[in-house]
Amino acid sequence: MSKTVLLTAGGTGGHLFPAQALASELDRRGWIVELATDERADRYGTAFPARKVHIIASETIRGRNPISLARTGLNLFLGTLQARAVIKSLKPSVVAGFGGYPTFPPMYAARLTGTPSILHEANGVMGRANKMLAKGVTAIATSIPLENLPSDLAAKQVETGNPVRDAVLEAAGQPYAAPVEGGEFNLLVFGGSQGARFFSDLLPPAMELMPNEVRSRLTVVQQCRAEDLERVKSAYDTSGIKAECASFFKDMPSRIAQSHLVICRSGASSVSELSVLGRPSLLVPLPGAIDQDQAANAKVLEAAGGAWPIRQADLDPARLADEITRLMNAPDLLARAAENANSVARPDAVKRLADLVEQVADNQGERP
């Protein structure tokens, strides 16, 4: 008889993609997979390998306004009731959460119903929602060891790595082809849900500052917000740069594999995919985060020699133009960085996490 797992993740790619990877692996192992998330995940729902997607009420804590806090509390309470009903009906062997406030109601409902649960922390620093849930879970799966955890949480920690999607693993076989002198240079730029506007404002003026002989070599693929697409594409056309701009690329793993250099934020999924695919990158951690999780993620690739992190406050068009030009003229450096990035890859992370799910299920909620 097939076992059932309820996965839960926030509605962004950074949370959903590792969940999607685990769903595919568990499906291959004969598990029944269902997903609990919020309404933002609708655009991913058709691709997510789940028997059913449950949209659960949720809310992020924003500020200390009493009315806002009351609304957040009410939505989380309603979401917990919804999730509890789903768990009572589904009777999953395990509930596995991947971070973000939409995971709070299902993970808390798992605790209320005594259902074994696993919390996956993709970043180098545990997120706020995960911190609130950690004490009530059976095991905590991590991408890298988390430091300064209380002893009761450290005992639950299992390092699995951060799962990447099947499409990433399929593209990972492509070796890095260093740019040739005077030849085309493929630059990929993406910012995730919170970074595309910054790059849309930064890249076009940076390109304007480059010498014509450098600019003529560039082929740019850039993710932009829908409202920025026209102005960014127009700016590239004016500069004579070959560019393809879109608000979402379904084939992003293939795009990364085809690039000579990637410019992006340093979310956990981005860093994991860059390492598995083995591609050099300029990383710009999202500023203002309470725990500076993206800065911690970027340090992993920087320490390996696979990326060059730059604080957003230190990056202007002139600095970016210099950095891109420098790297375009250093193919050996790029090739070494690609190899170094790949040296810290964990392509087996999804199998390790699936093994943990099965161990928790077999032990009926006891720490494996």
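Is lysine 91 buried or exposed? Keep that in mind as you open this predicted model.

**Stop 1: the loop.** Select lysine 91. The residue sits in the loop between α3 (66-90) and β4 (94-97). Lysine 91 is exposed, with a relative accessible area of 65%. Exposed here means over 50%. Now check the backbone. Lysine 91 is not a glycine, yet its phi is positive, about 55°. Most residues other than glycine have a negative phi.

**Stop 2: helix α4.** Next, select residues 104-113, which make up helix α4. Show the side chains of phenylalanine 104 and tyrosine 108. These two form a stacked aromatic pair. Phenylalanine 104 and tyrosine 108 are four residues apart in α4, so about one helical turn separates them. Then colour by accessibility. Phenylalanine 104 is buried, at 13% relative accessible area, whereas tyrosine 108 is partly exposed, at 33%. The model's count of aromatic pairs comes to two.

**Stop 3: arginine over phenylalanine.** Select arginine 165 and phenylalanine 17. Arginine 165 lies over the face of the phenylalanine 17 ring, 3.7 Å from the ring centre.

**Stop 4: arginine over tryptophan.** Finish with arginine 326 and tryptophan 308. Here arginine 326 lies over the face of tryptophan 308, and the distance to the ring centre is 5.9 Å. This falls inside the cut-off, because a charge over a ring must be within 6 Å of the ring centre.

Terms used:
Residues are numbered from 1 along each chain as its sequence is written. This is a predicted model: local features need pLDDT of at least 70, side-chain atom pairs count only at pLDDT 80 or more; totals for chains, interfaces and linings use all residues. Side-chain values use heavy atoms; hydrogens and water are left out. Rings of Phe, Tyr and Trp (its six-membered ring) pair if their centres lie within 6.5 Å; planes under 30 degrees apart count as stacked, over 60 as edge-to-face and the rest as tilted. Helices (H or I, at least four residues) and strands (E, at least two) are DSSP runs, numbered from the N terminus. Buried means under 20% relative accessible area, exposed over 50%, partly exposed in between (1.4 Å probe, protein chains only). A charge sits over a ring if NZ of Lys or CZ of Arg is within 6 Å of the ring centre and within 35 degrees of the ring normal.
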